[in-house]
Amino acid sequence: RVRVTDTNTGDVKVTVRVPMAIVDWGLRVGSKVGGADLGEMDVDIDGLREAIDSGLCGLVVDVTDQQKGEHVEIILE
């Protein structure tokens with residue numbers, strides 16, 4: 001699941017459940033998830049792909065971009 005929240009208003013901008021295969025494909029093609037560029041937010045893309053491949057469950061990304069006012073969470077279920 002991907003959730004992007006506006007840090008200024010607290011409103012959820014994006015919340016979507018995405019099949020693991022599509023998430024993995026998206027990370028191979030580019031680092032944008034839910035409109036946020038994870039690479040710019042210092043997310044370890046390779047580490048995220050390894051977590052997906054190993055079957056890890058739970059919150060794996062929890063980052064905030066103060067300049068864009070976005071809080072991004074990626075939860076593996």
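Is E73 buried or exposed, and what is its relative accessible area? E73 is buried, with a relative accessible area of 14%; here buried means under 20%, exposed over 50%, and partly exposed in between, with a 1.4 Å probe and protein chains only. The model is predicted, so local features need pLDDT of at least 70 and side-chain atom pairs count only at pLDDT 80 or more, while totals for chains, interfaces and linings use all residues. Residues are numbered from 1 along each chain as its sequence is written, and side-chain values use heavy atoms, with hydrogens and water left out.

Figure 1. Let us start with the overall layout. The chain holds 2 helices and 6 strands, in the order β-β-α-β-β-α-β-β; these are DSSP runs numbered from the N terminus (helices: H or I, at least four residues; strands: E, at least two). Of the 77 residues, 38% are buried. The accessible surface comes to about 4,700 Å², with 49% of it belonging to carbon and sulfur atoms (Shrake-Rupley method, 1.4 Å probe; for residues, only the protein chains shown count as cover). Among contacts between residues at least 6 apart in sequence, 43% join residues at least 24 apart, where contact means heavy atoms within 4.5 Å.

**Figure 2. Strand β1 with its partners β2 and β6.** Strand β1 (residues 2–6) is mostly covered, with 4 of its 5 residues buried. It pairs in the antiparallel sense with β2 (residues 12–16) over 4 bridges, and also in the antiparallel sense with β6 (residues 70–76) over 5 bridges; two strands pair if DSSP finds at least two bridges between them. To find your way, look for V2, whose bridge partner in β2 is V16, and for V4, which stands opposite V72 in β6. The hairpin of β1 and β2 has 5 residues between the strands, and there G10 takes a positive phi near 80°.

**Figure 3. D6, a buried acidic side chain in β1.** D6 lies in strand β1. It is buried yet has no salt bridge, and K13, the nearest side chain of opposite charge, is 5.1 Å away. Lys and Arg count as positive and Asp and Glu as negative, with His and the chain ends not counted; a salt bridge is a side-chain nitrogen of Lys or Arg within 4 Å of a carboxyl oxygen of Asp or Glu. A polar atom of the D6 side chain lies 3.2 Å from the backbone nitrogen of T9. Leaving aside neighbours within four places in sequence, D6 is in contact with D11, K13 and G69.

Figure 4. R3 counts as partly exposed, at 23% relative accessibility. Neighbours within four places in sequence aside, the contacts of E73 include L59, V61 and D62.

**Figure 5. R1, R17 and E77, a network of salt bridges.** These three residues are linked in a network of salt bridges. E77 reaches R1 with closest N and O atoms 2.7 Å apart; E77 is in the segment after β6 and R1 in the segment before β1, 76 residues apart. The side chains of E77 and R17 also meet in a salt bridge (2.7 Å, N to O). Because R17 lies in the loop between β2 and α1 and E77 in the segment after β6, this pair ties together parts 60 residues apart in sequence. R17 is exposed, with a relative accessible area of 61%, whereas R1 is partly exposed at 27%.

Methods
Polar contact = N/O pair within 3.5 Å; in protein donor to acceptor, adjacent residues only side chain to side chain.
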